[in-house]
Amino acid sequence: MLAIGLMSGTSLDGIDVALIETDGETIASFGPGRTYVYAPETRELLFRALADAHEMTDRDARPGILARAERLSTERHGQALAAFLKEFPAYREVDVIGYHGQTVLHRPEIGLTVQLGDGPALARTARMMTTGRGPTLVYDMRAADVAAGGQGAPLVPVYHRALARGLGPPKPLLVLNLGGVANVTYVDGRADPIACDTGPANALIDDFLKARTDLPFDDEGIIAAHGSVDEAAVDRLMTHPFFHRPPPKSLDRNDFRAWVNQHAGLDAMNTADGVATLTALSAASVAAVLPHLPKRPDRLIAAGGGAHNATLLRFLRARLGIEVATADDVGWSTDALEAQAFGFLAVRALRGLPLSFPTTTGVPSPMLGGRVIAPA
């Protein structure tokens, strides 16, 4: 099946659109991928939505700015899809679209995960720009896992497993996604993948820079490269109980904000040292997962925006002591991988295949998920 995945992650930098051909178990081919960057005013509205979502207890509520943010986010996803299909008109016959939506709150400990996105509205938009009967839309994929007692994240490990099968004979491997939050998948070719969120990736760095400068992120890790890591601060931060829990486990984008404000001492650091210290925290939190894995992995493959951060990759190599490559290095896509994953998950949902497992989200048994809107 031809599948398009739409992904807007916790970095809040834009919308990734990617196409793959898959049966939900293997990958026949990779299609194109594009990123459509949010305008500053859209990004600012989404940041305000994160703040208004903080006290939510009902996933269907839209307090404060959230209703407006959901309408705008859905509209921007429709525009991104239209731009993609205008550039690649051959894919107007796409079979299925996997729509992640925009996470504004993730609190699985109280059975709550909230992704903004109007599935029916986007399905109507998609039908107007595609041929034939139009694609099936699969969305809201995390909720069923959380409702069944799982963490609801990460959901991409089953896609990581499919990718790893194309690398040759199975060897212990880590696949790391560096978005706003970092998540890792361990695959060895013999069992269900093991996965978890590891800690902050880009979000704390981006927010620190936003407060100190007019820069949205540390491009290629250049600022961190000019700073000095406060190792004592990293050690203090790594005493948080989350880092010592085994998988599965997951995070909200803002889970460590108060902890970092209390223990890092960032106010006393210059900007470069603060960025370097937060970058080292991201690497240290990934390294903390290694003792919980069945075997030491041979290498790590990094994807997501943070995989372009050369300083973060250097810190990962130093702290893990294993080979670190990017998704592009092995013939995958560093930028499109998560969007591809949600196209892959949408096909699995249509085929009745599980999206999550006890070893990835802690759900009691392999779990189906996603709301499906079939063409009329």
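The side chains of Asp 16 and Thr 35 are joined by a polar contact of 2.6 Å, a polar contact being a pair of N or O atoms within 3.5 Å in which, within protein, one atom must be able to donate a hydrogen and the other to accept it, residues adjacent in sequence counting only if both atoms are side-chain atoms. The model is predicted, so that local features need pLDDT of at least 70 and side-chain atom pairs count only at pLDDT 80 or more, whereas totals for chains, interfaces and linings use all residues. Residues are numbered from 1 along each chain as its sequence is written, and side-chain values use heavy atoms, with hydrogens and water left out.

Asp 16 is located in strand β2; strands (E, at least two residues) and helices (H or I, at least four) are DSSP runs numbered from the N terminus. Asp 16 is buried but has no salt bridge, and the nearest side chain of opposite charge, that of Arg 34, is 10 Å away. Buried denotes under 20% relative accessible area, exposed over 50%, and partly exposed the range in between (1.4 Å probe, protein chains only). A salt bridge requires a side-chain nitrogen of Lys or Arg within 4 Å of a carboxyl oxygen of Asp or Glu; for charge, Lys and Arg count as positive and Asp and Glu as negative, while His and the chain ends are not counted. When neighbours within four places in sequence are left aside, the residues in contact with Asp 16 include Gly 5, Leu 6, Met 7, Asp 335 and Ala 339, contact meaning heavy atoms within 4.5 Å.

Asp 335 lies in the loop between β11 (323–326) and helix α12. This residue is partly exposed, with a relative accessible area of 40%. Apart from neighbours within four places in sequence, Asp 335 is in contact with Asp 16 and His 308, and a polar contact of 2.7 Å links the side chains of Asp 335 and His 308. Helix α12 (residues 337–351) has 15 residues and should span 21 Å at 1.5 Å a residue, which agrees with the 21 Å between its end C-alpha atoms; the expected span is 1.5 Å times one less than the number of residues. Because 13 of its 15 residues are buried, α12 is largely enclosed by the rest of the structure. Gly 352, which follows α12, has a positive phi near 75°.

Strand β1 (residues 2–8) is mostly covered, with 6 of its 7 residues buried. β1 pairs with β2 (residues 14–22) in the antiparallel sense over 6 bridges, strands being taken to pair if DSSP finds at least two bridges between them. Within this pairing, Leu 6 has Val 17 of β2 as its bridge partner. The two strands form a hairpin with 5 residues between them, and Leu 12 in the turn has a positive phi of about 60°. β1 also pairs with β4 (residues 96–107), in the parallel sense over 5 bridges, and Ala 3 stands opposite Val 96 of β4.

In strand β7 (residues 173–178), 6 of the 6 residues are buried. Leu 173, Val 175 and Asn 177 point one way from β7, and Leu 174, Leu 176 and Leu 178 the other way. β7 pairs with β8 (residues 181–187) in the antiparallel sense over 6 bridges, and a hairpin of 2 residues joins these strands. β7 runs parallel to β10 (residues 299–303), to which 5 bridges join it. Leu 174 takes part in both pairings: its bridge partner in β8 is Tyr 186, and Leu 300 stands opposite it in β10.
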